[in-house]
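Q: I am new to this structure. Please show me how to read its features, one at a time.

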Amino acid sequence: MLATRGRGAVEPNPMVGALVVRDGQVVGEGWHGKFGGPHAEPVAFDDAKDAAAGATLYVTLEPCCHHGKTPPCTDRVIASGVRRVVIGMADPFPQVAGRGTDLLRQAGIDVTVGCLEEGCRALNRPYLKLLRTGRPFVHAKWAMSLDGRIATATGDSKWISNEASRRHAHQFRGIIDAIIVGTGTVLADDPSLTARPPGPRVATRVVLDTRGRIPRESKLVQTARDLPTLIATTSLAAEQDLEALRAAGCECLVLPEIAGRLSIDALLEELGRRWFTNVLVEGGSGVLGSFVAERAIDAVRVYVAPCIIGGARAMGPVGGDGFSLIRDSHDLGPLRTESLEGDLFITNS
C-alpha cells in the first residue's frame with residue numbers, strides 16, 4: 001500500500017496514499033512521505049501531469065482544506081481537473097472534518113466517501129486515537145518462551161528470541177516516538193534503547209523511575225546529551241538526584257504518584273500533549289502490569305521462542321495483581337502471526 005511508505009516519517013500526521021486513474025490505467029501515484037512535506041495528492045498530480053484532467057483520484061483520507069505546513073490539498077484537487085474523487089475515510093481533524101469533501105462537491109466534483117473504510121481506519125489507528133483521546137497509541141512488546149517466561153528463575157534472559165526477532169524489533173523502534181521501560185530493566189540490563197540500524201525516527205527513551213534510582217553510569221544517562229532521555233518520576237525522588245540527572249542531559253518529569261507508583265494516565269496525557277503518536281512499552285513485567293491494569297495497551301508485539309524454561313519462580317511478561325476473572329481481562333481483539341526464522345511473532349497492530 002502506497003500510504004505505508006510514509007510510516008515512521010509522517011507522524012503525527014496520518015499515512016496517506018493517492019492514485020490518479022484514467023481509463024482504467026494508473027497515470028499518477030503519490031504518498032505523504034515526511035511530516036511537513038507534500039501531501040499525497042499533490043505528489044500524485046505532479047506524477048500524472050496533464051493526464052489528471054477528467055480522471056479519478058483515489059485517496060486514503062479526505063483531502064485537507066486548510067493552510068498548515070502545506071497549502072490546502074482541495075485547491076490542488078480542484079485545479080487538477082479530475083471529475084471524481086474516491087475517499088477511503090473522512091478526516092476527523094477539526095479543521096477538515098467534512099469541509100474538504102464539501103468544497104470538492106461545490107466545485108462540481110463527484111465525491112464518494114467510505115471506500116474500504118475499515119482498512120483505512122486500521123491503517124491510521126494511532127492517528128485516530130491521538131485525535132480522539134489526546135493520548136498516543138500504546139504498543140507493548142516482550143519476548144518469551146513457549147511456556148510464557150521472559151527470564152529464568154535466576155534472571156537470565158539473553159537471548160530468548162533469535163536474531164531475526166531482534167532485527168524485527170529494532171526496525172519497529174526506528175518508527176516510534178518513545179520507548180518506555182522501568183528502572184528495574186535499566187538496573188538489570190543497562191539497555192541503550194536505540195534502533196540499530198537507525199530508522200526515520202529517534203525515539204525518546206522514557207524511564208519510569210518513581211524514586212530517581214537510575215544509575216548515573218547507565219548507558220541511558222551517559223548518552224542523554226546525544227539522544228532524548230526522559231526520566232518520569234514523582235515527588236518521592238530526591239531533588240538533588242533529579243538535578244544530577246538534569247545536569248547529565250536528562251529531562252526529568254515529575255508526575256503524580258498513586259500508591260507508590262507514578263500515574264500511567266498522567267504520563268500518557270503528557271506524551272499526547274507532545275504529539276507522540278506511537279509509544280512502545282518494553283518492560284519489565286511491573287511496568288507492563290501497570291499499563292495492563294489501566295487498560296492502556298492498544299497493541300501487542302510478542303516474540304515467542306520455541307523453548308521451554310519452566311520453574312515456578314521464572315518471571316512472566318506481565319506483573320502486578322492481574323485480573324481476578326477471565327471476563328474482565330484486557331481483550332485486544334484479533335491477532336495475526338508471522339514466522340521469524342523459527343520464532344513466532346504475534347501482534348494485533
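**Reading the two domains**

Q: How many salt bridges are counted between domain 1 and domain 2?
A: A salt bridge is a side-chain nitrogen of Lys or Arg within 4 Å of a carboxyl oxygen of Asp or Glu. Between domain 1 and domain 2 the count is one. This is a predicted model, where local features need pLDDT of at least 70, side-chain atom pairs count only at pLDDT 80 or more, and totals for chains, interfaces and linings use all residues. Residues are numbered from 1 along each chain as its sequence is written, and side-chain values use heavy atoms, with hydrogens and water left out.

Q: Which residues form a salt bridge with N and O atoms 3.6 Å apart?
A: Glu11 pairs with Arg201. The 3.6 Å is the distance between their closest N and O atoms.

Q: What does the pair Arg201 and Glu11 tie together?
A: First, the terms: helices (H or I, at least four residues) and strands (E, at least two) are DSSP runs, numbered from the N terminus. The side chains of Arg201 and Glu11 meet in the salt bridge. Arg201 lies in the loop between H7 and S8, and Glu11 in the segment before strand S1 (17-22), so the pair ties together parts that are 190 residues apart in sequence.

Q: Where are the domain bounds, and how far apart are the C-alpha centres?
A: Domain bounds come from an automatic or database domain assignment. Here domain 1 spans 3-126 and domain 2 spans 136-348. Their C-alpha centres lie 36 Å apart.

Q: How many residues of each domain are in contact?
A: Contact means heavy atoms within 4.5 Å. Eight residues of domain 1 touch nine residues of domain 2 by that rule.

Q: What area do domain 1 and domain 2 bury between them?
A: The size of an interface is often given as the accessible area lost when the parts come together. The accessible area uses a 1.4 Å probe, and the loss is summed over both parts. For domain 1 and domain 2 it is about 850 Å², with 59% on carbon and sulfur atoms.

Q: Where is Pro197, and which residue does a cis peptide bond join to Pro197?
A: Look at omega. A cis peptide bond joins Arg196 and Pro197, with omega about 0 degrees. Pro197 sits in the loop between helix H7 (183-189) and strand S8 (204-208). Leu193 lies in the loop between H7 and S8 too. Its phi is near 55 degrees, a positive value in a residue other than glycine.

Q: Where is Gly284, and what joins Gly283 and Gly284?
A: A cis peptide bond joins them, with omega about 5 degrees. Gly284 lies in the loop between strand S13 (278-283) and helix H11 (285-293).

Technical notes
Buried area = accessible area lost by both parts, 1.4 Å probe.
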